[in-house]
Every structure is written in C-alpha cells, then in structure tokens.
Amino acid sequence: MRFVSLKNVNKQYKGNKKKSVTDFNLDIEKGEFIAFVGPSGCGKSTTLRMIAGFEEVTEGQIEIDDKVVNDLLPRDRGIAMVFQNYALYPHMTVEKNIAFGLKNIKTPQEEINKKVDWAIDVLGLEEYRKRKPKNLSGGQRQRVALGRAIVRNQKVFLMDEPLSNLDAKLRVQMRTEISKLHHKLQTTFIYVTHDQTEAMTLGTRIVVLKDGIIQQVDTPSNLYNTPNNLFVAGFIGSPQMNLIDAEVVQSGSQVTLKMSDTVSITLPAEKSEKLKSYVGKTVVVGIRPEDIKDDEEFVAAHADHTFEAQVKVYELLGAEVNLHYDIAQTTCTAKVNPRTTARPGDTVKFAMDIARLHVFDKETEQVITH
C-alpha cells in the first residue's frame, strides 16, 4: 500500500542552471525501510529535506498518507527527523532531551513519562538517563537523538546520514540498533547515506542517485546481482565490480569478448544472441571480484573461461584475499580463498563464472545482458 509518494519532483535553486533533483518518482509502502544512496551532491539529502518540508519543491507533488504536503509546515506532515549532528541540548539530561519535543506540543506529563521510559528502554539508555550529552559517547548521543524522534510516534522517520560522525565500529553497532528499531516500530523509514554498505544492510529497497536522477530502485539483492547500468554496477559492492572494455568478435555461431590480446571469453548461446548486433564494437564487461577465482576446483569447473594474469598486489583481509592484476590497461580484483599461494609477481591462472558476467553498452552505459 502506497504511503509516501513523490510524483515528478524537481528541485532547482535560484541562480543554478542545473536542477539538483530531476523528475523524482517514487512510491514507498507503509513500514518500508527506504535508503537513498549516492555520491556527494547527488540530491539525496535535498530530496529528504523536501519530504520533511525544509526545502520547497520547485515542481511536482509529495504525498504522505494520501495527503498532499507541499504547502504544509514540517510539524504538520507527520514526520520525525534525525540529523547528522544529533542537535541535542547540552544543558539537558538524556531524559529531558527525549521529552523536549513532547513538552513543546503540550503533551500531558504522565504520557511524557511513559513515552520517555519506553524510548529509554528500547534504546538501552537507562544507565545514562541523568547524564548530559557531554558525558555520552557518539553512539549514545545518536541513540538519544533517535529516542527524541520515536517518542513523537510519527508516520515517517527521516534520517539524514545519522552515522557519518561515528567511527567504523560504532557505525556497525548503530546500524544494528536502527535495524532493530525499525523491526520493533514497523514504521516507514527513509534513510540517506553515502555509504553503500549502510544502504545494503538496512534498506528493504534502495534508491541509487546520480546527479539528481534516479538510476535504479530495487532490493539490495537485485541491485547487487542485476545492476541496470554502469554507475550502479560500479557504485554497489566492495571491492567494486571489475569493468573492462572488450571488443565483440563473431566466433562461429557464438560471440567472443576480447578484453586483451591474451584474455578472451566466448559466451554461451543465450548471451551471444543479445550481443550479435554489437559485433565489431566495444562494450564494457562487468564481473564481481568474488566471481573470479584461482583455486583448482573453481578453475576446473569453469575450464572454458580461464585466463592468466600477473599478480600486482596481495591484500590479506582475514577471511579472504584480494588479488590485484591487470587486464590490458585496467586494474582488476579477484576475491579468493585466503589459502591461496599467489603472491605479487606470480603469473596465476584464474577462471571466471560467466553466468555472473554482465555486459554494458559503452555509449549509453545501460546493461545489455546480465
């Protein structure tokens, strides 16, 4: 059931020739966790602020719970917002910070006490109840900011890069807290982040933005496995997908992708058929690092799609190893078993799982075949 709807929403600031957000269309269901992700300046925070009412909509319409909210003040939209900088009152204790918004709307004291107690319990803040922000860690302050938002019992929670000020370990902990909170509240969350790992772990659906334009809206799994275009393919995933220019060559009834003088991959019939109109042209081949291996079992299973390359860099990451090598002028990565014996300078036989291979049009950057 559609709960938040953005219809042909545009944002153009005065004096700017280019729009910050262009033709943004999105329907969000009640209880969904939607993540907006993209590089700095892609329009994700601007879109969130238009939903909140902090930015005017240049063109288009925003609806929340079947009500057009373009002209409503933020306080009348049924939203609660959590900011990047926490925005806590330094002279107030944890419980008073959480209660502040309720007091402003003249909520009876008995109800305030119940809601504050509930939020403190949900967020594990009981032992910090009487502390002031200066005596809290970054993660604890962020939980207080979340508490202040959830006690208002609003229809939609908006979060603008709430974890960007935290160190790596705290970000992981707070991702878990936010996920548990969404599960408990079953409320609609719209979450802005530049971190694709946050988006992938939190979102039920993800909106990928570039230059104010939606590139793809999909589940984390579909974004990872079936990206629509080169930008999504390169942005989602760490290490990022290997993207290699290749010449399309006719090979009997099939098509071969020639990536260098020594690396060519012949495609099966189904994928070859989609590429026959590209024979003689250059396309971009995409394959994720984990779909390229050097172990004997994998190489034997994909014996028709092997190549050799010299390892340039060896990165041990505990449970896995990244091997960096070159195909033509492109640096590529293989994510392999940590028991690999390959080291820098070694010429290694790799194999690709071409069932996981993507091909993109070099000019339009759109996917041709997954």
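At what angle do helix 2 and helix 4 pack, and how far apart are their axes? Here are some notes on that and a few other features; please keep in mind that this is a predicted model.

1. Helix 2 against helix 4. The two helices pack at an angle of about 30°, and their axes are 7 Å apart. Their crossing is right-handed. On the helix 2 side the contact involves V94, N97 and I98, which meet V144, G147 and R148 of helix 4. Sorted by class, the residues of this contact are three nonpolar, two polar and one charged.

2. Helix 2 against helix 3. Here the packing angle is about 135°, with the axes 10 Å apart. Because of that angle, helix 2 is oblique to helix 3. The crossing of this pair is right-handed. Helix 2 contributes E95, I98, A99, L102 and K103, while helix 3 brings Q109, I112, K115, V116, A119 and I120. The contact of helix 2 with helix 3 holds seven nonpolar, one polar and three charged residues.

3. I98, worth a click in your viewer. This residue takes part in the contact of helix 2 with helix 4 and also in the contact with helix 3. Setting aside residues up to four places away in sequence, I98 touches V116, A119, I120, L125, V144, G147, R148 and V151.

4. The largest nonpolar core. It has 36 residues, and I98 is among those with the most contacts inside it, together with L125, L146, I178, L181 and F189. At least two residues of this core come from each of strand 6 (79-82), helix 2 (94-104), helix 3 (109-122), helix 4 (138-150), strand 7 (156-160), helix 5 (168-185) and strand 8 (188-193). Another core, of 33 residues, lies apart from it; A246, V311, Y325 and L357 are among its members. As background, nonpolar side chains tend to be buried together in soluble globular proteins.

5. N242, a residue to look at in strand 11. Strand 11 covers residues 242-251, and N242 lies in it. Is N242 buried or exposed? Its relative accessibility is 4%, so N242 counts as buried. Leaving out neighbours within four places in sequence, N242 is in contact with V285, G286, I287, R288, P289, I292, C332 and T333. One of these, C332, is 90 residues away from N242 along the chain, yet the C-alpha atoms of the two are separated by 5.6 Å.

Technical notes. Residues are numbered from 1 along each chain as its sequence is written. This is a predicted model: local features need pLDDT of at least 70, side-chain atom pairs count only at pLDDT 80 or more; totals for chains, interfaces and linings use all residues. Side-chain values use heavy atoms; hydrogens and water are left out. A nonpolar core is a set of buried Ala, Val, Leu, Ile, Met, Phe, Trp, Tyr and Cys residues joined through side-chain atoms within 4.5 Å. Buried means under 20% relative accessible area, exposed over 50%, partly exposed in between (1.4 Å probe, protein chains only). Helices (H or I, at least four residues) and strands (E, at least two) are DSSP runs, numbered from the N terminus. Contact means heavy atoms within 4.5 Å. Axes are lines fitted to C-alpha atoms, for helices over the stretch in contact, and angles run from 0 to 180 degrees between N-to-C directions. Angles under 35 degrees count as roughly parallel, over 145 as roughly antiparallel, 65 to 115 as roughly perpendicular and the rest as oblique. A crossing is left-handed if the near helix is turned anticlockwise from the far one by less than a right angle, and right-handed if clockwise. Ala, Val, Leu, Ile, Met, Phe, Trp, Tyr, Cys and Pro count as nonpolar, Asp, Glu, Lys and Arg as charged, and the others, Gly among them, as polar.
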